[in-house]
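Please keep the structure open while reading.

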Amino acid sequence: MIHSLFIINNAGDVFMEKHWKSVINRSICDYFFEVQSKAATPEDVPPVISTPHHYLINIYRSQLHLVAVVTTEVPPLFVIEFLHRVMDTFEDYFGDSSEATIKEQYVVVYELLDEMLDNGFPLAMEANILKELIKPSNILRTIANTMTGKSNVSGTLPTGQLSNIPWRRTGVKYTNNEAYFDIIEEVDAIVDKSGSTVAAEIQGRVDATVKLSGMPDLTLTFMNPRLLDDLSFHPCVRFKRWEAERVISFVPPDGSFRLMSYHIGTQNLVAIPVYLRHNISFREGSGGRFDVSVGPKQTMGKTVENVSLEVPFPKSVLNVTLTPNVGKYTFDPVNKIMVWEIGRIDPTKLPNIRGSISLQSGAPIPESNPTISVNFTINQMAISGLKVNRLDMYGEKYKPFKGVKYITKAGKFQVRT
Amino acid sequence: MASNGGFQNSGYNNDRPPSSTGSGDADVATDPASSSFFMNDYKKHDDLKQMLDTNKDNLKLEAMKRIIGMVAKGKDASDLFPAVVKNVVSKNLEVKKLVYVYLTRYAEEQQDLALLSISTFQRALKDPNQLIRASALRVLSSIRVPVIVPIMMLSIKESCNDMSPYVRKTAAHAIPKLFSLDPELKDQLIEVIEKLLADKTTLVAGSAIQAFEEVCPERIDLIHKNYRKLCNLLVDVEEWGQVVIINMLTRYARTQFVNPNRDDMIEEESEKAFYGSDEDEEKEDKEEEEDDKPKKKPYVMDPDHRLLLRNCKPLLNSRNAAVVMAVAQLYYHCAPRAEVGMVAKSLIRLLRSHKEVQYIVLSNIATMSVKRKGMFEPFLKSFYVHSTDPTHVKLLKLEILTNLGTETSISTIIREFQTYITSTDKEFAAATIQAIGRCASTIPEITDTCLNGLVRLMSNRDETVVAESVVVIKKLLQMQSTDSVSQPQEHKDIIVHMAKMAQDITVPMARASILWMIGEYSDRVPKIAPDVLRQCAKNFINEEDIVKLQILNLAAKLCITNSKQTKLLCQYVFNLAKYDQNYDIRDRARFLRQLIIPGEKAGAFAKYAKKMFLATKPAPVLESKFKDRDQFQLATLSHVLNTKATGYREIPDFPEVAPDPTVRNVEVPTAWVADTNLLAQKKKKKGGKVKPAKKKSFYSDEESEEDEDEEEEEDSSDETDSSEEDSSEEEEESEEEEDEEDEKPKKKSKKVEDEEDEESSEEVDSSEEEESSEEEDEEEESSDEEPQPKAKSTKAKTGATSNAAMLLDLDLTMSLGDTLVNQDAEEAEVGSTVANPAAVGKSDFLMPVLAQDMSSLSLGGDTGGSTTVTAPSFIPTKTYELLNRITGGGLSITYRFTRTVSIFSEKMASVELTLTNSSDKPVLNVKIGDKKLQSGMEIFDFPEIGNLGVGATVTATMGINFADTTQPATFDVCTQEKKFSVTVKAPVGEQIQPVNMAENEFDKQQGKLSGMNENSGTVDMATENTDIKTISRRVYEVANVVQVPSMQDNTYKFAGKTLSAGALVLISVKLDGRKAALKVNCEKMVIGSMLLKDLKDSMTKKD
C-alpha cells in the first residue's frame, strides 16, 4: 500500500527516505515542492497530491512534512493515520519528533520504520510491541549495552504480537504501582461580536499513565456517564461492557496511552468559561483604537490560568501602542500578530489592554475587525462536568496508587469582533 | 530501475559534500580515521569495508549504522554490497537486522551478489524462533530478485502452514511481493491465499485479505466460505486489517445482497427478529425462492447482510480514523437508508482530529450531504469555519454548509456567511459569495434577500468580492428572468447600478458578466446600454480577451434591438476586433459582422439574427461540486481526487436478484450456537462433526482437510432442507434427554456414552461413503432414541474430540466425567474410547458455550486444531530426592511428579513433596525462600508448614513452570533455623501433558514437524517388551502422553503437548520384530531429542 516515505524539513531538504517496495527516485518530491510553493502556509498544502504515476499523501507536523508515496488506490485516511502514528511513535520513543531528534536517532528511526510496515502494510504498530522489539535507547541502556555487548534489538517475538491483547507485554514489574488518569477537555467555541455563543463543542480525552505490575484488569466508572455519547476507545477497552453497563473496563497497555476520547457536540449546552469585552475601531487617516478586557465566567470557582490572547491584525496595520494593566504584550510587525500574555485572571482586577493602532498611510481602513483567539487553562475542572466515580483493579493483589486530574483548556476558542 | 537508481545516487554524491552524511557528524569522534578520509568517497567506503571485515561486533555495528545512515539519506551505498552481504550470517542481532534493511534496499541492484545470502535465509526459515523465521521470510520476499522466485514460492507455501500465526502473517505479506515479481504465479498464489483466508487467527485475517485484494480481487467466490468468520472476527482484528476487510466486504455486499433501499418502504425489523432463529430465516429464504420473486414482496434483509452491518457498528468507536471512515462508507453504500444517519456522529468526532484527517472526512461528508441532507443537519454548527482553519478545510466546510441549507436553517447559515465575507482570506470570501448564490438559487424564499445583499457587496472595497458578487448576481438574474418572464421591469435598478459600475470594475470576469447582462437585458435599460457600449468601444484595445468577446456580443445585440443609435458604434467595434491579435476575437467579429451588418448578398442567416441572439437562454444551474463525486466509492483516493486512481475498482451496483445465499452456509456461526441455533446443532451431528471442536479453537492453526471435505459435502447436498425438517424433532429429543438427565444422571451418562459411539460410527460412515451418507444419517437420526447395539464393537477412530463438544452441548454431568476418567490404561489401549474426551476438570461447566470458550482458551495460539488436554494414562511412582536427611539436618524431602493438571496454572507441572522429619526435635515453619530461576520459569509455593513433628511425614504440592527447558528449578527451602538450597529437575517427559487427537490429525501434525523438529532412532527391544501393553507402559513411564488410536498395525502413536508453550509432542513407535523405530516430533528440539533418549533407555531396559 505505502510505497515509500520521505521526510522533508521546512527548508525543503529531504533528509530521510525509506522504501518498502522498490526504490522510487526522490525527484518525486518535486511535485510536492511545486504544490507547497503555491500554498500560503505549510498547513495549506493539500494532504493528497496527484502526480502522473504516483500519489503523494502528506502530513505536516512538528515542522516536518511526511510525504508517503502510493501507486495505487488506497484509503487516504489509512495512510494519513499511519503517518501520524509514526510521529506518535517517534514522540513516544524520543520525547519529541523534531528534525534534530530524528537525525540523531536515525538508526532507531530506520529500524522502527522497517518494523512498522511490511510491503507497505502495517505489521507492528503497537507501542508496547515495538518497544519490546526495539528498545528505546537511554543513557543507562547504552552503557549497559556496551558493557554486555547486548543490543537494543530483541531476538524473540514480543509476547503481545501473538496474544489477544497485543498492546500489553507480559512480565511487567514495578516497585511502585501507580495509575494516573488525566481528563483533559478542550473547548472549541465561536463567540460573536455581541458576546453570544455561535457554536461551542467540547473535545475531551482521557490520557492514562499506567505503571502496574502483572496483568491488571481495570474498571473505570464515571459519576455521569450519560454525558458521553460519542466516543472512541483505545482497543483495550471492552466495548460490550461500555454499551451494557457504561463502565470502562480494560487491561491497560504498559505506560502512557490515550484511553478514550469523547466529543460533546454543538447540540449540548456548553459553558463558556471566559468572556471578552472589546472595542476595536479603525478610523480613516489616523489609525484606530483598541480596548479589550477579559473576565471569567462560569468557572465554578476555579481560577483561569495561562490566559493569552492572539490578535491577527489586518495587513494594513503598521504598529500598535498598547498598555495592558496585567501581563505583557508583543507585536510581530511581519505577521501583524499581537499576543497578550495575561497569566492568571484575578477576578478583583480584570485584565485590560488598551491603546492605539497605527495604520499604513494611504491604505484603506480595514473593513473587518480581527478574530481574537483566546487560550486558557483551568485546573481541577472538567468543563463538561464529567467526574470519575471510582477505579477498581482486578486480577492482581497489590494496591495501586491511583490519581485523577482534570484540566480544561481552550481549543479553538475564537471571539469575532 | 536499477540503472535509474544508480544514476540518481551517483548524482547525489556529486551534489553534496560527503561530510553531511547523517552518520558522519556523530561518528567522527569515535573513529578518528574517518574524518581525514571524508573528502574522498571511495576511500571512506574503504574504511567502512575494513570495519565490516573485522570480527569485532561493535565495529561491524558501527559500520552498519553509518551505512544505514547513508541509505536513510538516500546516498548511494551500493558499492559496499559485497562487504555487507557477508555479514548476513552475523550472530549479533542488531547487525543482522541492519544488514537485512540494507539488503532489501540494494539487492535489486546487485542481484548476483544478493544470491549469496539466500542460503542463510533458507536456513533461518527452519529456525525454531518464530521471529527469525518471519524476518527471514520478510527479507527473502523483499529482495526482488527474479531468480529466486521458485524459492520464494516454496517458502511462502511452507510458511503459510507454520505453527506461528506471526510467520503466517508474514507469508500473507509476501504473497503480493511475489505476485508483483512474477504475475504468472497467480494461480499458485491464489491457492495459498485460499488457505490463508481460511486461517482463523485474527492476526492473519487482515493481511490475508490484503493479499487477496492485491492479487485476485475478482475471485469473490473465495470469500463466501469465510464471510461469516470474517464478520465475526472483525472486532478483534488489528485496526489496519479492519480497514482492508471492511473495504473488501463492502464490495462483497454490493455483489451478493440486494439493495436494502430497493423499495422505499423499508421494513424496520428488529435485529432480534432476524436472529430469532435460523430456522425461520431458512424458511423465509426458501419462501423467497418459491414465491418466484413477486414484485410487492417486502424487502427482507439477508441475515448475512445484517451480520456485517451489526458487527461493523462498534468499530465506529475506533480510535483509528481510517476504520471509522471505512465503516461510514460501508453504511453509506450498503445499509438501509434509515440506518446511515448513525455514522454522522462519529464522522463529526473525526473533525476534531488532525487537519489532514479533517480534510478527507470533510470531503466525504460533502459528498454524503448532497444526497443525504438530513444526516448532518443536526451538526450544522460543527461546520462553522474557524479563522485558523487551512483554506482547503474552509472551502469544504462552506460547501457542506451550502449543501445543508434548508428553508429553516438558511437564515442562520446566511448570517454565518456574512461574517465569512469579511474574512481576510480572499479566496475564501469569494467562495462564500458563490455559496450564497447557490443558496439563493436553491431556496427561492431567500433569493431576493440574497440579491439585495449581493448588490450591497458590489460597493465593497475589495475587488475580488465585488467581482464575485457581480458574477453571482448575473447568474441569479438570469435564472430569475427565465422563471418570470412576465415582469420585465424587475431588477431594473440592479442592472442600472451594475451598468454604472461597469467602468470601475477591473476584474475581467466581472466586467464580462456586466456587459453580457446589459446586452441580454438591454430592453430594460434602453438608455444606458448604448452609452456603456460607447465607453467600452473607447477602451476596447486595452481589454482582456474575455471582455472583448462580450463587448462584441453587446454590440451585436444592441445593433439588433437599437440599430439606429448603435450601428456605427457596432461597426467601429467590429473593425477594431478585425485586427485583434487573438484569432478567436477576429473570428468572432467576422462571424458577427456577417449576421448583423450583412453586405451585398445577405446570408440566409441574417434574417434569423434576432432569434439567435435574443433567444431565452437556459439558466445556469448552480450546484455542488460534489454532486457527482458519489460515483466513486467513499473514503477512496479516487473520491478525494475526483478522478479514477490506478487500481481503483468501481463499486458494483446491487444485483437485482441476490445470488444464492447458501454459498456462505459452510460454517456454523459460533456465537449463536448455544442460543437458538438448533439447526447448527443438527449440522454438527450430520455433516460438521469435527467442526464444533474446530470452532472451539478459534485461534487454531490449520484448517483440516476433513473440514473442507465436509464443507463440500454440505454444499453439494440439499441438506439444509432435510435438516430443517429434522431439527424440530431434534429439539424434542434433547429436551427429553435433559429431563431424563435430571432424574438419573447415572443413566444419562451411560446413554451419552452410547450415543457418542454411535456418532463416531456415523462419522466413519459418512467420511467413507460420501454419497450414501445422507440417507444413513437420516436413518440413524430417526432411531436416535434406541441405543444401537454396535456401540462397543465399533472403534472410535476419529472425531473423538468432536464428540467431546457434542457431549458438552448435552450438558455433560460429572458422573460421566468420572466414569471415563477412571478407565484404566488398558481399556484405552483397546481403543474403544480414548480416555476422557472432555477435558478433565471442565466437565462441570454446564454452559456449553462457556465450555467451548474455555477449551479455546486452553488451546491457546500455538497448538494444533482438534486436540484437547486429557487425563494422564499412567501415574509414575518414581520419587526423587530433594533434600538428603544428612544435609537437611534430619529433614528429608522427596518429590515426585503427579502428572495432574496443576491447580495453580496450566503451565505448571505438579510436584508432590514428601517431607519427613527424622530429627529429634520438631521442624518449624517450612516454606520456600529465595528462588533462582531461569527466565520464564515460575514456582508456585506450597503453603507453609507450621510444625513438622518428630518423625512426622507431610506431603505438600507445589507447581513449577519449567518453561519447557531442561533447566532445573533451584530454590531455597527454609525452616525456622536453616535454609537449604535445593534443585528440582524435571525429566522432559514430565513437562508434557497428554492430549487427545485423531490419527489423521496426528499424521498431519507430524508431517509439519519434520526436519529439525524430528528425532528418530531405532532400538533393539527386549523380547518381552514387544507387546503393546508393555510398549505403552514404557512410553507412559517416560512421558506423560496418551495413545492415539491408530489403524496401522504395529505402529503405536502417542500425543502430548508441552506444559508451558503448548508445543505438540508426538511420539510414534513402529515395531518390526524386535526392532522398534522410534520417532519423536516436537517443535522444541531439545525436548524432542531428550525425550528420544529417555525413550530409548526405557525400551531397552529389562524389567
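Strand E14(B) and strand E15 (residues 1064-1072) of chain B pair antiparallel over 7 bridges. Within this pairing, B:Tyr1052 has B:Val1069 in E15(B) as its bridge partner. The hairpin of E14(B) and E15(B) has 5 residues between the strands, and B:Gly1062 there takes a positive phi near 75°. The model is predicted.

E14(B) also pairs with strand E13 (residues 1042-1044) of chain B, antiparallel, through 3 bridges.

## Cover on both faces

How many residues of strand E14 (residues 1051-1058) of chain B are buried? The count is 8 of 8. In a regular strand, side chains alternate between the two faces of the sheet. Both faces of E14(B) are covered. One side holds B:Thr1051, B:Lys1053, B:Ala1055 and B:Lys1057, all buried. The other holds B:Tyr1052, B:Phe1054, B:Gly1056 and B:Thr1058, also buried.

## An open sheet in chain B

Four strands of chain B form an open antiparallel sheet, in the order E7-E5-E9-E10. E7 (945-948) and E10 (979-984) of chain B are the edge strands; each has a single partner, so one side of each lacks a neighbour in the sheet. Neighbouring strands of this sheet are turned by 35° against each other on average, direction ignored.

Strand E5 (residues 923-932) of chain B pairs with E7(B) over 3 bridges, in the antiparallel sense. B:Val926 sits opposite B:Ile945 of E7(B).

## Two loop residues with positive phi

A:Gln380 is not a glycine, yet its phi is positive, near 60°. A:Gln380 lies in the loop between strand E21 (371-379) and strand E22 (388-394) of chain A. Its relative accessibility is 59%, so A:Gln380 counts as exposed.

B:Arg144, also not a glycine, has a positive phi of about 50°. Its loop runs between helix H9 (130-142) and helix H10 (149-159) of chain B. Is B:Arg144 buried or exposed? At 12% relative accessibility, B:Arg144 counts as buried.

## Chain A overall

Chain A has 8 helices and 23 strands. Of its 417 residues, 58% count as buried. Among contacts in chain A with a separation of 6 or more, 67% join residues 24 or more positions apart. Chain A exposes about 17,200 Å², with 50% of that supplied by carbon and sulfur atoms.

Note on methods:
Residues are numbered from 1 along each chain as its sequence is written. Chains are lettered from A and ligands numbered from 1 in the order in which they are written. This is a predicted model: local features need pLDDT of at least 70, side-chain atom pairs count only at pLDDT 80 or more; totals for chains, interfaces and linings use all residues. Side-chain values use heavy atoms; hydrogens and water are left out. Buried means under 20% relative accessible area, exposed over 50%, partly exposed in between (1.4 Å probe, protein chains only). Contact means heavy atoms within 4.5 Å. Accessible areas come from the Shrake-Rupley method with a 1.4 Å probe; for residues, only the protein chains shown count as cover. Two strands pair if DSSP finds at least two bridges between them. Axes are lines fitted to C-alpha atoms, for helices over the stretch in contact, and angles run from 0 to 180 degrees between N-to-C directions.
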